[in-house]
Amino acid sequence: MRHSDIYLWLRCVKLLPEEGKNMFFSDDYFNREVICNFEVSEMMKRAWAAQIEVLQIVIDVCKKHNLQYFADWGTLLGAVRHNGFIPWDDDIDICLKRDDYNKLISILKDELPKGFAIMGMFADTEEMRLAAEVTHLRVVADDSWNFNDYMRYFHGFPYQRVGIDIFPIDYIPNNTSEAELQKEIVKQGLFVLGQWDNLKKKGELDECLHRYLDMCNIYPQGEKDIKNWLWKLVDRICSLYSYADGNYMVNYPACILEHEYKMKKEWYDDAIEMPFENITIAVPIGYDGVLKAQFGDYMTPVQGTADHAYPFYKDMQRELGIRIKKSGFNGSVEEFCREVSEGKIQIR
């Protein structure tokens with residue numbers, strides 16, 4: 001019996017919490033495993049489970065408000081090719097069409113349960129905005145968790161602020177000159193944001209920023225956080241066109257910063273459900289076209305294609321080692337995670 005079958009059955013007989021609460025993963029799910037000649041560690045399995053918990057929170061909000069999300073990038077490829085994570089992938093990406101994306105942003109602050117928060121340009125606090133200066137929305141477990149509760153809820157994953165990435169997809173105008181102009185304005189804005197600290201260090205930020213604002217003919221009015229205001233401005237520029245204006249869609253920052261691509265808008269006219277680890281996930285009805293646009297020959301596995309360091313928690317491993325040592329625990333990191341997640345030891 002598959003994990004997803006067991007999970008659904010347990011829900012039906014009410015042996016699991018209601019939707020949006022901690023989910024079921026069998027003990028053997030966390031075993032180290034070799035998939036497609038790639039070793040997936042126990043810790044990575046715990047990271048996967050933790051991210052699925054955050055994903056389910058967001059899915060529940062989307063369903064409640066009739067917002068259609070879609071698996072995106074590596075998560076979409078993983079759903080289609082592996083019925084779960086790509087073995088060498090370590091994050092979850094979803095997307096929404098712009099109107100639904102904006103609605104999600106407007107309701108998330110009130111709909112997220114205690115312990116979860118928005119990170120990035122749409123966050124309420126400066127700390128959470130600076131924690132992830134990215135072109136999209138990120139939902140994470142916040143810092144309010146007690147470490148022991150965090151470990152129990154997130155299946156023994158010990159690294160804080162686990163979360164998922166949520167991207168908008170926007171319409172490309174059919175008018176070629178307008179499309180090129182929009183793309184160039186977004187590109188220049190991303191350059192200023194990406195080089196912000198370097199420009200500031202060289203004393204060139206003010207000139208570069210004013211030149212960009214003059215090009216847009218838009219200026220901040222009493223804004224205290226100019227950088228965050230600029231993030232939102234670039235995001236608004238990406239969203240200028242609607243369904244009637246163009247036949248293609250794109251994630252503009254990804255198209256500019258990674259590789260150029262576009263997707264037919266009808267590929268996102270509907271969604272179907274596909275298995276993803278122990279849940280199902282929505283994928284665009286035209287997933288084959290989307291994946292070919294994003295990856296080319298997507299059914300041929302290619303390792304080492306992640307756009308960030310793997311694993312994402314690599315820089316936090318040393319700090320965890322110090323914490324384990326201070327606790328007096330003498331076993332391995334894996335044993336520590338099991339013991340804390342099962343409530344056998346308490347960490348102060």
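## Aromatic pairs

Two rings of Phe, Tyr or Trp, the last represented by its six-membered ring, are taken as a pair if their centres lie within 6.5 Å. By this rule the count in this predicted model comes to 26 aromatic pairs. One of them joins Phe38 and Tyr310, whose ring centres are 5.8 Å apart and whose planes make an angle of 75°, an arrangement that is edge-to-face. Phe38 belongs to strand 2 (residues 38–40), while Tyr310 sits in the loop between helix 12 (287–295) and helix 13 (317–327), so this pair ties together parts of the chain that are 272 residues apart in sequence. The two partners are covered as follows: Phe38 counts as buried, at 17% relative accessibility, and Tyr310 is partly exposed, with a relative accessible area of 29%.

The rings of Phe157 and Tyr313 form another pair, and because their planes stand at 70°, with the centres 5.6 Å apart, this pair is edge-to-face. It too links distant parts of the chain, since Phe157 lies in the loop between helix 6 (147–153) and strand 7 (163–172) and Tyr313 in the loop between helix 12 and helix 13, 156 residues apart. Both Phe157 and Tyr313 are buried. Elsewhere, ring pairs link Phe116, Trp145, Tyr150, Tyr153 and Phe154 into a cluster.

## The chain as a whole

The protein chain is built with 14 helices and 11 strands. Its radius of gyration is 21 Å, close to the 20 Å that the globule rule gives for 348 residues, so the chain is as compact as a globular protein of that length. Along its principal axes, the C-alpha trace spans about 60 × 45 × 40 Å.

Of the 348 residues, 52% count as buried, and the chain exposes about 17,500 Å², with carbon and sulfur atoms supplying 49% of that area. Among contacts between residues at least 6 apart in sequence, 66% join residues at least 24 apart.

## Helix 3 and helix 12

Helix 3 (residues 73–82) is mostly covered, with 9 of its 10 residues buried; among them are Trp73, Leu76, Leu77, Val80 and Arg81. These buried residues of helix 3 pack against several elements, including strand 3 (69–71), strand 4 (93–97), helix 11 (252–257), strand 10 (271–276) and helix 12. Just after helix 3 comes Asn83, which takes a positive phi of about 55°.

In helix 12, the buried residues are Gly289, Val290, Leu291 and Gln294. They pack against helix 3, strand 9 (263–264) and strand 11, and strand 11 (279–284) also meets the buried residues of helix 3. Helix 12 is followed by Gly296, whose phi is positive, near 80°.

## An exposed lysine

Lys224 is found in the loop between helix 9 (205–216) and helix 10 (226–238). Its relative accessibility is 85%, and a residue over 50% is classed as exposed, so Lys224 counts as exposed. Lys224 and Lys187 are 37 residues apart along the chain, and their C-alpha atoms are separated by 24 Å.

How values were computed: Residues are numbered from 1 along each chain as its sequence is written. This is a predicted model: local features need pLDDT of at least 70, side-chain atom pairs count only at pLDDT 80 or more; totals for chains, interfaces and linings use all residues. Side-chain values use heavy atoms; hydrogens and water are left out. Helices (H or I, at least four residues) and strands (E, at least two) are DSSP runs, numbered from the N terminus. The radius of gyration is taken over C-alpha atoms; the globule rule is 2.2 Å times the number of residues to the power 0.38. Buried means under 20% relative accessible area, exposed over 50%, partly exposed in between (1.4 Å probe, protein chains only). Contact means heavy atoms within 4.5 Å. Accessible areas come from the Shrake-Rupley method with a 1.4 Å probe; for residues, only the protein chains shown count as cover. Rings of Phe, Tyr and Trp (its six-membered ring) pair if their centres lie within 6.5 Å; planes under 30 degrees apart count as stacked, over 60 as edge-to-face and the rest as tilted.
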